[in-house]
Every structure is written in C-alpha cells, then in structure tokens.
Amino acid sequence: MLVVDVLTWLLIGVTAGWVAHQMVKGPGLLGDLLIGIVGALNGGVSLLILMSGPSRPSGYTAIDLWSAFFALIVATILLFAVKRLILLTGARATS
C-alpha cells in the first residue's frame with residue numbers, strides 16, 4: 001500500500017464527510033469529516049484485503065475507480081449510521 005493510496009482515501013473520506021454533512025444537517029462538521037475519513041480508510045483497506053491473494057487481478061493497484069467508489073460508499077453509510085444513532089439516543093434522552 002502506497003502513501004498515495006492512503007492520501008486518496010483521506011481525500012475521499014473528507015469528501016464523503018462533507019457531502020453527508022450537507023445531506024444530514026448535524027451539529028458537527030469536524031466530526032462528520034473524521035467519521036468520513038474512518039469510513040473511507042475502512043472501505044479502501046477492506047477492498048484491498050478482499051482483492052489480495054491468488055485471485056488478485058493482474059495489474060491491480062490499491063487505488064482505482066472501484067476502490068474509490070467502495071471507500072465513498074462505506075464512509076457515507078458509516079456517517080448516516082452514526083447520525084441515526086445520535087438522533088435516536090438524543091431523542092430518548094430528552095423524552
């Protein structure tokens with residue numbers, strides 16, 4: 001795994017965090033960006049692990065269109081899950 005791969009996943013995570021923050025207005029942009037980064041790194045590394053081994057396609061690198069898309073999807077899902085959890089626990093705590 002190259003430094004470029006990790007930097008790309010960080011950029012994807014920040015982008016996913018910002019997009020999700022715009023879609024689900026929440027209290028913290030910084031938290032959304034951090035959760036987006038964690039989700040993108042998780043998605044990118046997971047796909048890299050899934051694509052490693054003897055079944056790995058010839059010429060496969062860690063960052064390609066599918067890797068970026070998968071990292072974005074995982075980051076967005078994680079952000080929405082965290083937002084939902086915060087909303088559910090916040091609603092119960094106030095009632």
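**Helix packing in context**

Analyst: The chain exposes about 6100 Å², and carbon and sulfur atoms supply 76% of that area. The model is a predicted one. Its chain has three helices and zero strands, so that the order of elements from the N terminus on reads α-α-α. Of the 95 residues in the chain, 27% are buried. Among contacts in the chain between residues at least 6 apart in sequence, those that join residues at least 24 apart make up 71%.

The packing of helix 1 against helix 2 is considered next. Two packed helices are described by the angle between their axes and by the distance between those axes. Helix 1 spans residues 3-23 and helix 2 spans residues 29-50; the two pack at an angle of about 135°, and their axes are 7 Å apart. Helix 1 is therefore oblique to helix 2, because an angle counts as roughly antiparallel if it is over 145 degrees and as roughly perpendicular if it is 65 to 115 degrees. The crossing of these two helices is right-handed.

Which residues form this contact? On the side of helix 1 they are Val 6, Trp 9, Leu 10, Ile 12, Gly 13, Val 14, Gly 17, Trp 18 and His 21. Helix 2 meets them with Leu 29, Asp 32, Leu 33, Gly 36, Ile 37, Ala 40, Leu 41, Gly 44, Val 45 and Leu 48. By class, the residues of the contact of helix 1 with helix 2 comprise 13 nonpolar, five polar and one charged.

Val 19 is located in helix 1. Its relative accessible area is 35%, so Val 19 is partly exposed, since that class lies between the limits of 20% for buried and 50% for exposed. From C-alpha to C-alpha, Val 19 is 9.3 Å from Leu 33 in space, and the two are 14 residues apart in sequence.

Ile 77 belongs to helix 3, which covers residues 65-94. Ile 77 counts as exposed because its relative accessibility is 55%. Between Ile 77 and Ala 16 there is a separation of 61 residues in sequence, whereas their C-alpha atoms are 9.5 Å apart in space.

Definitions and conventions
Residues are numbered from 1 along each chain as its sequence is written. This is a predicted model: local features need pLDDT of at least 70, side-chain atom pairs count only at pLDDT 80 or more; totals for chains, interfaces and linings use all residues. Side-chain values use heavy atoms; hydrogens and water are left out. Axes are lines fitted to C-alpha atoms, for helices over the stretch in contact, and angles run from 0 to 180 degrees between N-to-C directions. Helices (H or I, at least four residues) and strands (E, at least two) are DSSP runs, numbered from the N terminus. Angles under 35 degrees count as roughly parallel, over 145 as roughly antiparallel, 65 to 115 as roughly perpendicular and the rest as oblique. A crossing is left-handed if the near helix is turned anticlockwise from the far one by less than a right angle, and right-handed if clockwise. Contact means heavy atoms within 4.5 Å. Ala, Val, Leu, Ile, Met, Phe, Trp, Tyr, Cys and Pro count as nonpolar, Asp, Glu, Lys and Arg as charged, and the others, Gly among them, as polar. Buried means under 20% relative accessible area, exposed over 50%, partly exposed in between (1.4 Å probe, protein chains only). Accessible areas come from the Shrake-Rupley method with a 1.4 Å probe; for residues, only the protein chains shown count as cover.
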